[in-house]
Amino acid sequence: MSAGSIERPWQRWAIRIGVFIAMLILVLPGAWVVLTAFRPNIEVLARPAVWIPQNLTLHNFLGIFGRLDTQQGLPVANYFINSMVISVTSTVVAIAVGMMGGYAFARYRFRGKAALFLGFMLSRTVPGVALSLPLFILWSRLGLIDTSVGLIIVYMAVNIPFTIWLTDGFFRQIPVDLSEAAQIDGCTRWQAFWKVEFPLARSGLASAAIFAFLTSWNEYALASQLTRTTASKTMPVGLMDFTAQFTVDWTGMSAMAVLIIVPALVLTFIVQKHLIAGLTFGGVKG
Amino acid sequence: MNFLRLPRATPYLLLLPAIVVILGVVLVPLVVSFWTSFTPYNLTKPATLFQFVGLRNYERLLGNADFWWAFGRTILFITIALNLEMVLGLGLALLINKVTWGQRTLRTIMMFPMMFSPILVGFQFKYLFNDAVGLVNNALFDLGIIQQPIPWLVDGSLAPLTIILAEVWMSTSVFAILLLAGLMALPKEPIEAAKVDGCNPWQVFRHITLPFLMPFVYIAMTIRSLDVARAYDMVRIMTNGGPAGRTELLWTLMTRTGYNNSQMGMANAMGYVSILTSILFTYYFYRKLVSARAFMGGAQ
């Protein structure tokens with residue numbers, strides 16, 4: 001209740017109903033796709049519509065992994081591994097590199113600081129689709145098209161500016177006195193950072209890492225142009241394999257959608273508290 | 001080499017890896033793209049990369065009706081989507097703020113759409129609004145509201161509407177979560193004082209709550225303007241610019257020109273227009289954020 005206002009029963013009910021409808025709208029689309037992933041194709045295509053699932057099955061998952069004789073399997077296992085390798089590697093590197101940058105911005109005064117910061121932020125505003133055109137030209141000359149390394153490098157660059165922005169905010173929240181005190185007690189600057197400031201910034205780094213991971217894991221525009229085959233195709237690009245000119249394999253796509261959303265969901269729920277803090281404080285106190 | 005040992009070299013050394021990566025993956029490609037936009041570069045004819053034609057691509061773009069339609073549609077799309085998201089996000093935040101039970105759970109549910117890949121949101125809405133098997137048509141049909149299936153994504157005026165719906169579903173949460181954080185940080189004293197002075201709830205909202213929330217609105221706007229181009233993924237899977245170009249945005253037109261028609265020079269010219277548009281949007285909201293912060297007398 002806000003600021004001690006007295007609510008009448010009808011107001012309380014109006015709020016409850018409003019919240020219920022809002023939550024339904026937020027959950028239903030995703031839940032429906034998840035449900036479809038476990039339903040047989042006949043039931044999904046049935047007319048009139050079957051609302052209450054009659055039987056649930058893992059058939060669709062077996063199908064997309066090529067474990068059924070009736071269906072041509074797609075290399076979904078390859079896509080999943082590619083996605084994991086590319087997202088994790090680019091996240092780890094982007095966090096390490098971005099953290100160094102964020103620390104520099106939070107703790108040092110130097111020439112061209114404001115311009116550099118602006119430069120990093122501007123680099124993030126370039127839409128992925130627009131960047132994909134010249135990257136496609138360059139990467140094909142460098143032989144980086146359709147390689148995991150090519151995509152990892154690109155995602156590093158996509159994630160570094162936002163990591164710098166977030167970690168800059170987090171390091172600034174840690175009082176400089178702590179590191180100075182440690183240095184007076186005989187720590188080197190590096191030890192002061194590693195033993196005092198780094199542990200304090202850990203929750204901030206966790207949220208930055210989740211953002212970086214989700215960005216890479218969910219990215220489509222760049223990946224769709226820079227990957228070609230099972231050597232580097234990621235899950236979002238693989239999802240498009242299911243759409244032919246006039247037919248769409250709804251249950252197969254739903255199964256694949258579940259595989260894309262589950263890792264993102266699990267990771268986000270683990271660190272959701274930090275996530276909100278990261279979004280808010282990075283900006284307000286930045 | 002001595003400079004590197006000086007204390008004042010430390011920040012530059014710390015920033016060096018980040019600078020190198022951004023130079024290599026963003027700046028150099030942008031230079032290439034800039035150069036390409038002045039050539040008739042065609043993927044099937046590599047030699048055309050070194051043929052300078054001046055502003056020809058830009059001149060042709062400015063005289064091209066398809067481009068202007070796509071450009072106008074993109075601006076309209078961004079404007080409608082951001083405003084709707086802001087209003088709905090504010091409503092949702094105010095609603096959740098009133099709730100006394102299970103606020104944490106509700107906040108978790110609210111974050112749900114943020115985890116979805118845009119391509120997944122596109123697929124999801126393509127499925128929900130499919131004319132034959134979609135949840136929406138099935139429900140309307142079984143409730144007796146419609147007799148014929150509504151071709152949501154095939155109809156020229158319904159398709160843009162459906163895409164805006166998908167976009168709003170995907171991004172309203174960003175606003176709601178940030179504004180809710182703002183509401184929770186709202187100081188209680190000014191509100192109490194205003195009530196004592198006889199302000200009605202609307203006046204309290206208009207003159208105290210809203211001004212306090214403005215920096216949060218601008219943070220959300222700035223964050224959102226960074227990735228409005230994610231809508232490309234959604235449109236790509238939902239309609240790919242169709243029906244008859246009615247959902248063609250700058251981004252879909254660009255990839256069609258570049259990759260399908262191999263006209264890289266022209267596509268890069270469009271790319272530059274889209275980059276400048278994005279930068280302008282972000283810059284505008286960032287300025288607003290800075291001035292709102294200064295107005296608040298907040299941190300730095």
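With 18 C-beta neighbours inside 10 Å, B:Phe212 counts as partly exposed, because a residue is called buried if 20 or more other C-beta atoms lie within 10 Å of its own, exposed if 12 or fewer, and partly exposed in between, with C-beta atoms placed from the backbone. The model is predicted, so that local features need pLDDT of at least 70 and side-chain atom pairs count only at pLDDT 80 or more, while totals for chains, interfaces and linings use all residues. Residues are numbered from 1 along each chain as its sequence is written, and chains are lettered from A and ligands numbered from 1 in the order in which they are written.

**Surroundings of B:Phe212**

- B:Phe212 lies in helix H10 (residues 201-226) of chain B, where helices (H or I, at least four residues) and strands (E, at least two) are DSSP runs numbered from the N terminus.
- Leaving aside neighbours within four places in sequence, B:Phe212 is in contact with B:Gly182 and B:Leu186, a contact being two residues whose C-beta atoms, placed from the backbone, lie within 7 Å.
- B:Phe212 and B:Phe77 are 135 residues apart in sequence, and 28 Å lie between their C-alpha atoms.

**Chain A and its domains**

- The secondary structure of chain A comes to 13 helices and 0 strands, and 44% of the 286 residues of this chain count as buried.
- Among the contacts in chain A with a separation of 6 or more, 75% are between residues 24 or more positions apart.
- Chain A is divided into domain 1 (9-64) and domain 2 (76-284), with bounds that come from an automatic or database domain assignment.
- The centres of domain 1 and domain 2 of chain A, taken over C-alpha atoms, are separated by 32 Å, and 11 residues of domain 1 are in contact with 9 residues of domain 2.
- On the side of domain 1 of chain A that touches domain 2, helix H1 (9-37), helix H2 (41-45) and helix H3 (59-64) each supply at least two residues.

**Where chains A and B meet**

- In the interface, 76 residues of chain B are in contact with 73 residues of chain A, and helix H2 (residues 10-36) of chain B gives the most to the chain B side, with 16 residues.
- By class, that side of chain B has 53 nonpolar, 17 polar and 6 charged residues, where Ala, Val, Leu, Ile, Met, Phe, Trp, Tyr, Cys and Pro count as nonpolar, Asp, Glu, Lys and Arg as charged, and the others, Gly among them, as polar.
- The axes of helix H12 (residues 250-270) of chain A and helix H6 (residues 118-128) of chain B come within 11 Å and cross at roughly 145 degrees, with axes fitted as lines to C-alpha atoms, for helices over the stretch in contact, and angles running from 0 to 180 degrees between N-to-C directions.
- In this pair, A:Trp250, A:Met253, A:Ala257, A:Ile260 and A:Ile261 of H12(A) meet B:Leu120, B:Phe123 and B:Tyr127 of H6(B), and by class the contact has 8 nonpolar, no polar and no charged residues.

**The largest nonpolar core**

- Of the 149 residues in the largest nonpolar core, A:Val154, A:Ala157, A:Met256, A:Ala257, B:Leu179 and B:Met270 touch the most other members; such a core is a set of buried Ala, Val, Leu, Ile, Met, Phe, Trp, Tyr and Cys residues joined through C-beta atoms within 7 Å.
- The largest share of this core, 15 residues, comes from helix H7 (residues 148-173) of chain A.
- Domain 1 (9-64) and domain 2 (76-284) of chain A both give residues to this core, so the core lies between them.
- Not counting residues up to four places away in sequence, A:Val154 touches A:Leu135, A:Leu222, A:Leu226 and B:Val25.
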